Amino acid sequence: MPELPEVEVVRAGLAPAVTGAVITAVEVLDRRSLKRHDPAVGDFERLLAGARVSAAVRRGKFLWLPLDDETAAGDRAGARAIVGHLGMSGQMLLRTPDHPGDDRHARVRLNVEHPEHGELRIDFVDQRIFGSLAVDRMGPTDDGEIAGFSASVTGEWARSIPSQVSHIARDPLDPAFSDDLFAARLARRASGIKRVLLDQGVVSGIGNIYADESLWAVRLHPEQLASSLSRRRTTELLAAVRDVLGRALVEGGTSFDAQYVNVNGASGYFAHSLNAYGRGGEPCPRCGGPIRREAFMNRSSHYCPKCQRRR
DNA sequence: ATACACGCCTGCTGGC
DNA sequence: TGCCAGCAGGCGTGTA
């Protein structure tokens with residue numbers, strides 16, 4: 001499901017409930033959801049029992065909960081975090097402990113005790129199991145800047161990132177995102193711009209929906225060579241990406257069905273605002289010509305061939 | 001460096 | 001009603 005706006009909605013919903021909370025019990029209902037957990041780091045359940053969560057942080061589509069481990073003073077070498085990725089169908093549902101456990105696709109449950117909110121339960125629900133939870137080691141960010149978006153991580157600790165996320169580029173809403181670096185990366189790419197937007201090592205957080213929407217907004221053909229864009233066009237594209245992601249975030253994300261929901265199970269409303277994605281055959285809201293849907297990387301691209309010309 | 005295929009999973013929809 | 005193909009918001013690996 002989730003691209004940056006959807007994951008941010010989840011992160012923001014989780015943050016007040018988990019920050020400062022102690023994990024009291026872990027129930028793994030389906031080990032397949034731990035496929036990205038490296039056993040060499042330790043046993044998933046044992047590492048988490050009794051650990052305290054210090055924040056909820058996000059970069060692109062990855063989110064993580066840094067653990068306030070009891071380590072020797074000043075020694076963060078053993079610092080760890082729970083890394084979560086929602087894949088295509090993952091959800092994090094915030095519940096009271098007595099909530100009936102009737103979710104068909106509940107995979108992992110974290111029971112926590114929060115100093116103010118008391119006992120809570122976080123259910124990781126994931127129909128397709130493309131998502132995962134893992135306990136991962138933290139390391140320094142390669143640029144020395146704050147690792148990702150959160151409201152509460154401060155100080156040196158904020159400049160640490162889970163190893164599984166270290167290869168992921170910053171996302172366009174990250175204050176430390178470098179527009180120049182982005183432009184330089186595009187200039188070196190002899191491939192279609194959509195492919196590059198989807199490359200999480202170039203820019204993170206953008207998936208199929210928001211790639212199509214951003215390209216529609218600036219009238220770029222998905223197969224236009226990234227290296228052919230002028231700096232001015234690159235700047236316009238980046239502005240469109242930020243605009244689309246920002247508006248989707250305000251509307252609570254894009255929901256086509258009950259798959260994408262926030263921590264309370266509620267859907268977002270941005271689906272009503274889509275101009276190209278999922279509108280194959282319908283008239284382009286700008287020029288009236290039919291939106292085309294075509295195969296792309298085992299999925300689909302949606303664009304207006306009339307006003308998104310390839311140059 | 002880059003592109004493509006494929007595996008990882010489940011469930012829904014449409015055509016026959 | 002059944003069956004099968006195709007499709008769905010993503011990522012990582014392996015191969016050419």
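**Entry 1**

I take a residue as buried under 20% relative accessible area, as exposed over 50%, and as partly exposed in between. With a relative accessible area of 45%, Arg-219 is therefore partly exposed. I note that the model is a predicted one. I located Arg-219 in the loop between α5 (208–217) and α6. I then looked up its backbone: Arg-219 is not a glycine, yet its phi is positive, about 60°. Most residues other than glycine have a negative phi, and I recorded the residue for that reason.

**Entry 1. Ile-129**

I found a further positive phi at Ile-129, near 60°, again in a residue other than glycine. Ile-129 belongs to the loop between β7 (118–126) and β8 (132–140). Is Ile-129 buried or exposed? Its relative accessible area is 10%, so I list Ile-129 as buried.

**Entry 2. Helix α6**

I checked the length of helix α6, which covers residues 231–250. At 1.5 Å a residue, its 20 residues should span 28 Å; I read 29 Å between the end C-alpha atoms, which agrees. Next I listed the buried residues of α6: Thr-234, Leu-237, Leu-238, Ala-240, Val-241, Val-244, Leu-245 and Ala-248. Seen down the axis of α6, these buried residues fall within an arc of 160°, so they line one face of the helix. An α-helix has 3.6 residues a turn, so residues three or four places apart point the same way. On the other side of α6 I recorded Arg-232 and Val-250 as exposed.

**Entry 3. Helix α3**

I made the corresponding list for α3, where Phe-182, Ala-183 and Leu-186 are buried. They cover an arc of only 95° around the axis, which puts them on the same side of α3. Asp-180 and Ala-187, on the other side of α3, are exposed.

**Entry 4. The second largest pocket**

I looked up the second largest pocket and noted about 230 Å³ of space in it. Its lining consists of 15 residues, and those closest to the centre are Asp-143, Ala-169, Arg-170, Leu-181 and Arg-185. Which element gives the largest share of this lining? Helix α3 (residues 179–187) does, with three residues. By class I recorded seven nonpolar, three polar and five charged residues in the lining. I also looked at the domains: domain 1 (4–165) and domain 2 (179–303) each supply at least three residues to the lining of this pocket.

I placed Ala-81 in strand β4 (residues 80–85). Its relative accessible area is 0%, so Ala-81 is buried. I then compared sequence and space for Ala-81 and Leu-65: they are 16 residues apart in sequence and 5.2 Å apart in space, C-alpha to C-alpha.

Trp-64 lies in strand β3 (residues 62–66). At 1% relative accessibility, Trp-64 counts as buried. How far apart are the C-alpha atoms of Trp-64 and Gly-207? I read a separation of 19 Å for this pair, whose residues are 143 apart along the chain.

Definitions and conventions
Residues numbered from 1 in each chain as written. Chains lettered and ligands numbered in written order. Predicted model: local features only at pLDDT ≥ 70, side-chain atom pairs only at ≥ 80, totals over all residues. Heavy atoms only, no water. 1 Å grid on protein atoms, 1.4 Å probe; cavity = no way out; pocket = protein on both sides within 12 Å on 5 of 7 lines; lining within 4 Å. Points joined across faces, edges and corners; volume = space filled by probe spheres on them. Helix = DSSP H or I, 4+ residues; strand = E, 2+ residues; numbered from the N terminus. Nonpolar A, V, L, I, M, F, W, Y, C, P; charged D, E, K, R; others polar. Domains from an automatic or database assignment. Expected span 1.5 Å × (residues − 1). Buried < 20%, exposed > 50% of the residue type's maximum accessible area, 1.4 Å probe, protein only. Arc of directions from axis to C-beta.
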